[in-house]
Amino acid sequence: MRLTDASVAIRPRGPWEALDLGVLLARRHAGLLLASWALVTVPIFALLCLLLWDYPGWAIFAFWWLKPAYERLPLHILARALFGDTPSLKQALKALPGLLRPQLLASLTWRRFSATRSFDLPVLQLEGLSGQARSQRLVVLGQRDAGAASWLTVVGMHLEMALWLGLVSLFYLLLPAQIELDWSWQSLANAAAGEWLWLEHLSNLLYVLVLIVWEPVYVACGFTLYLNRRTALEGWDIELVFRQLRQRLTGVAYALLLGCGLLLLQAPTPVMAAEIGSCPLPLEDPRGPEAARLLKQPLSSQAAQHSIEQLLDQPPFEHRETVTRWRFGEQEPAAEPSEEQLSGLLELLEKFFKLAEFWNSIDAVALFFEALLWAALLGLVALLGWRYRQWLGVFAGRLGLPQRTATPPSRQLFGLEVTPQSLPEDVAGTVEQLWAEQPRAALSLLYRALLSRLLDDYRLPLNSAHTESEVLRLVEDLEQSELSSFSQALTLHWQNLAYGHRLPPDELRQTLCQDWRRLFDDRVRT
Amino acid sequence: MMSEHTPEPLSPAAAAPAPAPSNPAQQRQRASQLAQALRQELHKALIGQNAVVDDVLTALIAGGHVLIEGVPGLGKTLLVRALARCFAGEFARIQFTPDLMPSDVTGHAVYDLQSEQFKLRKGPVFTNLLLADEINRAPAKTQAALLEVMQERQVTLEGRALAVPLPFMVLATQNPIEQEGTYPLPEAELDRFMLKLRMDYPEQAEELSMVRQVTRSTRADMLDVSPLRTLLQAKDLLAMQKIASDLPLDEQVLDYAVRLARATRTWPGLILGAGPRASIALVRGGRARALLRGGDFVLPDDIKGCALAVLRHRVRLAPELDIEGLAVDQVLQQLLDQVAAPRL
């Protein structure tokens, strides 16, 4: 690889610019790339179609799955073309079996879904790294441009789908109307019959055609991204400048050297001491400074070397960093790939089973969390119910639930207890007893009892702001002459007593109590 | 119940209870009969405004002043004229106009050329019944001329305090809808009116009978008040006021009146509550109504009956309720429905 031969300007670029360069590169070698790709993939597709004729879905899936294998050829072409050594179509196809060999299984299995596939491919194929070295290399390379590489894959997927859909639509649009109608009927009539398999194979073919255009571009973009990263890492551009400098100045340097030599020819005569004797020059040692020397000294060169190495291993000179990352099992040495990889695959399967067991154990945890969430939900509902219990009560009351209607109206009217419970059983009898010594208490009791009866039996809407005559008016609205005349008489005498401080006449006791018994006590008994 | 009593056997002059203070109960009975006769007489003149007539009589007996508010044509002025007709005392009328001066109300000193000295010329306020028609048409300074006479029953002219003849009563009218070019009465002035009455449109039956009577009368468009009998002398009215103020009043009822007035001060819908004058007016009004009812003592109903008229011009409605379109009367009615009436 000679950087001076590179057919692109090597300089550090931004990731997007590098991708752009990839497109340009693919375009320059478009003919070769498309042809080689088509020559490889179309026969494979045809073969798959023949093998899986009844299962077009599986055919295209298998074809799609094998994509990493085809991608090696365009990369090979591009890598050689970059440094001016563009292979012919024949040469490229001949190189293909050799290209496929290294790590094909890994590429087609656990690395199949790598988002940075085209970016990683050159490490495998051009640098020939594998195993630990490869992953270290990828870590270094992926420090900067991995994001762009992932985006490249994502955009590529969408582009493939868009182009494929476009081609399918175009195909559909170009159908004559009559055929389309016929086709619709046919597909309706015998949808289950396998007569339309070729149509699906046709759409698969369209996908293959799309890939012919897109995949070389994809590989080229990944490749240029990789180049760009290496340019930045290894200072290729600087190296290139130095090389150019050397090329430009080689002749001048010789001339300068000659001039200097000529100048130095007129050197002064040698110093006298030189003639006497010279210490023997050290023998030309083939191993140079690394040879064991000073063996007879207390500190031999090897011991010194060793202590130097130890020192250099220690912190100020050595900076070690341990990076732990998840990656799929690549513990096996890559010396014998195929068998090791198979065993690795088996190991992986075992791990999968273990993972399934682990999921089983996780089920318990999930159950716990499910219970926790349900409990939280129930708690929340209970909390809301408690918080809005009054509102719920109103709502329930509006529905007319029985316990609401059953509650007796508890009242303290006019500063008086007027609930039936606060009154004696035999109101009239108590009044007669009280009349003699406490006429006010007697009349008050009678009036209170009247109000209580008006509230309970007649359901008059009395409140504490009603004056006596307002109560009287409400009683008259009931249009019960006996009740209203009794109420009138009682109210009159009650007012006389309460506000006029006039004692009621004695004979009133009899009439009032009789009226009371007649009006209310019968009702109680029935 | 009491309206069954006819005033016929009682001659007005004989009804004057002052010279014969034999029995307070008898006196009281006579006074209330007289008051009811007066009411009947007024009912003849003013058809369909019984509540307003009662309230005016209440103020008359209680010795307070009345502000009558109503749209034009409801007989505000007619009521006052009818009252003046039934009452044998002096009656004066001032039509309040924007250019009315305080001295036009109270009186002023004029130079007499013949006697060559200043003579006091008393204004129209020196009377028993004063009708201040459209009181809100005069500017505030003229309205304020009534302040002193209404509260203290005297007028200070040229540095001398002159008492107005007793009984003295101001009946002011105002029009609530026509506010262009009017001066709303200030709070101090309003507070001096014992009652503010609202005249509303009469019921259909009453309006029918009124129209029938008016169209039969000789004067074109108003009821003739000349056939009304004069029932009341000035001294009768004074005696009546005395009797009313002597009516027994239970502590509970007094407490009720004060509680009503105090409730307006903390009531949520009112930003300005009624002052102590309201409590006083409530009790005096209650006494007057008790006399008018023919009762021997004051009931809570008497207080409650005049509470609306006493309170409505002494409180101010909160702006929120005003915007909502609630009237003062509605808020006060809520208040009356919630303040507990006395019992026991």
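**Exposure, backbone and interface**

Guide: With 7 C-beta neighbours inside 10 Å, B:Glu116 counts as exposed. The model considered here is predicted.

Visitor: Where in chain B is the place of B:Glu116, and what is its phi?

Guide: B:Glu116 sits in the loop between strand E3 (107–112) and strand E4 (117–122) of chain B. Most residues other than glycine have a negative phi. B:Glu116 is not a glycine, yet its phi is positive, near 55°.

Visitor: Is B:Arg153 buried, exposed or partly exposed?

Guide: B:Arg153 belongs to the loop between helix H6 (140–152) and strand E6 (154–157) of chain B. Its phi is positive, about 55°, although it is not a glycine. A residue is buried with 20 or more other C-beta atoms within 10 Å and exposed with 12 or fewer. B:Arg153 has 14 such atoms, so it is partly exposed.

Visitor: Which residues does a cis peptide bond join?

Guide: Most peptide bonds are trans. In the loop between strand E7 (160–163) and strand E8 (169–174) of chain B lies B:Pro167. With omega about -10°, the cis bond joins B:Leu166 and B:Pro167.

Visitor: Which elements give two or more residues to the side of chain B that touches chain A?

Guide: In chain B, 18 residues are in contact with 14 residues of chain A. Two or more residues on that side of chain B come from each of helix H12 (300–311) and helix H14 (328–338).

Visitor: How many residues of each class has the side of chain B that touches chain A?

Guide: The classes here are nonpolar, polar and charged. The side of chain B touching chain A has eleven nonpolar, one polar and six charged residues.

Note on methods: Residues are numbered from 1 along each chain as its sequence is written. Chains are lettered from A and ligands numbered from 1 in the order in which they are written. This is a predicted model: local features need pLDDT of at least 70, side-chain atom pairs count only at pLDDT 80 or more; totals for chains, interfaces and linings use all residues. Helices (H or I, at least four residues) and strands (E, at least two) are DSSP runs, numbered from the N terminus. Two residues are in contact if their C-beta atoms, placed from the backbone, lie within 7 Å. Ala, Val, Leu, Ile, Met, Phe, Trp, Tyr, Cys and Pro count as nonpolar, Asp, Glu, Lys and Arg as charged, and the others, Gly among them, as polar.
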